[in-house]
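Thanks, everyone. I have one model to show, and I will keep to a few local points.

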Amino acid sequence: MTIRKAFTIAEKAAIVWRLEAGESNVSIAKEFGVAHSTISTIWKHRDKIQSVFENSSISVKNIRSCNQSRGDRVLFEWFKIQISRNIPISGPIMHVKDNFVRQLKLQDFKCWMDSTISKKT
């Protein structure tokens, strides 16, 4: 049974530097106990890895992008304010707020609570 290895961005950057220095793909793969194709994939994404490593102040394992729309941010900020005031928020309240934000006609708005609300109704 193979154990899956999740590299941090720092580890991936170190692998890229070693490959750039001329070390072989196979020797690095053996050292980390992964397939050589894993090292090849890291090499393939080297530009993105180096960019994230140089610009990141936190330790991350995965590079993800966010598709959050302006409407999502508005609704989420309202939600955080209500929670900080200890005001209980239910699905129907979120649904009303969702409809209000939709009336503002913000582009590409999809409520981050849509899936939760639809499961409970």
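N86 sits in the loop that links α5 (70–84) and α6 (91–103); helices here are DSSP runs of H or I with at least four residues, numbered from the N terminus. Although N86 is not a glycine, its phi is positive, about 60°. N86 is exposed, at a relative accessible area of 69%, where exposed means over 50% with a 1.4 Å probe, protein chains only.

A word on the source: this is a predicted model, in which local features need pLDDT of at least 70, side-chain atom pairs count only at pLDDT 80 or more, and totals for chains, interfaces and linings use all residues. Residues are numbered from 1 along each chain as its sequence is written, and side-chain values use heavy atoms, with hydrogens and water left out.

Now the helix pair. How do the axes of α1 and α2 cross? The axes of α1 (residues 9–20) and α2 come within 10 Å and cross at roughly 150°; axes are lines fitted to C-alpha atoms over the stretch in contact, with angles from 0 to 180 degrees between N-to-C directions. That makes α1 roughly antiparallel to α2, the word for angles over 145 degrees.

On the α1 side, I15, R18 and L19 meet N25, I28, E31 and F32 of α2, contact being heavy atoms within 4.5 Å.

Last, E31, which belongs to α2 (residues 25–32). E31 is exposed, with a relative accessible area of 52%. Neighbours within four places in sequence aside, E31 is in contact with R18 and E23.

Key:
Helix = DSSP H or I, 4+ residues; strand = E, 2+ residues; numbered from the N terminus. Buried < 20%, exposed > 50% of the residue type's maximum accessible area, 1.4 Å probe, protein only. Parallel < 35°, antiparallel > 145°, perpendicular 65-115°, else oblique.
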